[in-house]
Amino acid sequence: MIRVLISGQRVDWDEYGEPLLAALTNAGIEAEVIHERMPRAPETIDYIIYAPWSDMKDFSPFTGAKAVINLWAGVEDVVTNDSLKAPLVRMVDPGLTGGMVEWCVAHALRHHLGIDRDVCRRNAVWDQCVPPLARERPLTILGLGVLGRAVAEALSSLGFPVAGWSRSAKDVPGVTCLSGEGGLVEALRRAELLILLLPLTPATEELMNSERLALLPKGAILINPGRGPLIDDDALLAALDSGHIAHATLDVFREEPLPGDHPFWAHPGITVTPHVASATRPDTAVGVIVENIRRGESGKPLLHLVDRRLGY
Ligand code: NAP
């Protein structure tokens, strides 16, 4: 029998405890699924299902852990933890991906079509402004991983000329794939609409600084469901105030919840959403977790391993 610890907040236990046990049983894996207040010797734990908002920050007592399976796609809060010696797996979940595609398409179309302009009319103003077609709006996604690629494919299927940028070269049908520093300049210069779906690592922190924001075409729209520190906040505010950037829709922030006195809340050129672009969905994520445990138990390579050196 294996022992699986769910380490997170109460809600994680409520959402994952029973479904995970049921799915493991269905897969023929005899398991005990426990939470942190159930006293068990740490060295007897085989797998840790980990939500980074867990109070547990010291993995060293878990000497028998075969993997730590992160419940979130982003691993920046755990990847640098030196007490973690077991392989670290990040979350790749069809439900999470589907939610991100829907959120990005919705916010891209809001700006592309000028929906705010049309739904906010007052005083009987009949001012027809026919929006351009998607094919006339070049759009770039920074990050062509699981989420960036799915968003790129969805927007490309609507007709947008989509470019994507990643660390390593990619080949995504219908998407102009760029990489490296030269590729970034090209990706930004064409981006009337820019979506950030990069992980937060030392290499991506403040990637969108004043120089890179200046590369965007005048009037560009920025949408950030990636991580807050990908952007230099002051540089963004300056670019909005100068009119170089027309609008920024931000879902993630350097500090969350975004403090009440933060200038982003009141800025007319910023839409704040409260880190809701997408979330791991227990009904689909449980299958992914069980598949990795099955692989761990049968000596097969784990899926979605984090490269601790790269930080994602
Ligand atoms: P992923 O599959 O690991 O993809 C990351 C992408 O970023 C890859 O294409 C990678 O390039 C690229 N990249 C990483 N470092 C780079 C660098 N220095 N230069 C250029 N490209 C770089 O991650 P994912 O599952 O798509 O998730 C992306 C991020 O979305 C997460 O890390 C998380 O921060 C965020 N997220 C947000 C929410 C939300 O609700 N707001 C929800 C889920 C996730 P390679 O392909 O060459 O490796």
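Start with N81. It sits in the loop between β4 (67–70) and β5 (88–89). Helices here are DSSP runs of H or I with at least four residues, strands are runs of E with at least two, and both are numbered from the N terminus. The model is predicted, so local features need pLDDT of at least 70 and side-chain atom pairs count only at pLDDT 80 or more, while totals for chains, interfaces and linings use all residues. Residues are numbered from 1 along each chain as its sequence is written, and side-chain values use heavy atoms, with hydrogens and water left out.

Is N81 buried or exposed? N81 has a relative accessible area of 15%, so it is buried. Buried means under 20% relative accessible area, exposed means over 50%, and partly exposed lies in between (1.4 Å probe, protein chains only). Beyond its neighbours within four places in sequence, N81 is in contact with K57, F59 and R308. Contact means heavy atoms within 4.5 Å.

Now step back to the whole chain. The domain assignment gives domain 1 (2–93 + 280–298) and domain 2 (94–272). Such bounds come from an automatic or database domain assignment. The centres of domain 1 and domain 2, taken over C-alpha atoms, are 33 Å apart. Eleven residues from domain 1 and eight residues from domain 2 make the contact.

For G145, a backbone N or O atom lies 3.0 Å from a ligand oxygen atom. For G226, a backbone N or O atom is 3.4 Å from an oxygen atom of the ligand. R167 places a backbone N or O atom 2.9 Å from a ligand nitrogen atom. Taken alone, the ligand exposes 950 Å², and the protein buries 92% of that. These areas come from the Shrake-Rupley method with a 1.4 Å probe; for residues, only the protein chains shown count as cover.

Next, follow the chain to E256. This residue is found in the loop between β11 (245–250) and α8 (263–266). Its relative accessibility is 38%, so E256 counts as partly exposed. Leaving out neighbours within four places in sequence, E256 contacts D251 and H275. With H275 the link is a polar contact of 2.7 Å between the two side chains. A polar contact is a pair of N or O atoms within 3.5 Å; within protein, one must be able to donate a hydrogen and the other to accept it, and residues adjacent in sequence count only if both atoms are side-chain atoms. The side chain of E256 also reaches the backbone nitrogen of F253, at 2.8 Å. C177 lies elsewhere: 79 residues from E256 along the chain, with 32 Å between their C-alpha atoms.

The backbone at E256 deserves a look too. Most residues other than glycine have a negative phi, and most peptide bonds are trans. The peptide bond from E256 to P257 is cis, with omega near -5°. P257 lies in the loop between β11 and α8.

Two residues have positive phi. E206, not a glycine, has a phi of about 55°. E206 lies in the loop between β9 (193–196) and α6 (210–215). At 30% relative accessibility, E206 is partly exposed. H304, also not a glycine, has a phi near 60°. H304 belongs to the segment after α9 (282–297). At 28% relative accessibility, H304 is partly exposed.

Finish at H267. Its place is in the loop between α8 and β12 (270–272). With 15% relative accessibility, H267 counts as buried. H267 touches L237, L240 and D241, not counting residues up to four places away in sequence.
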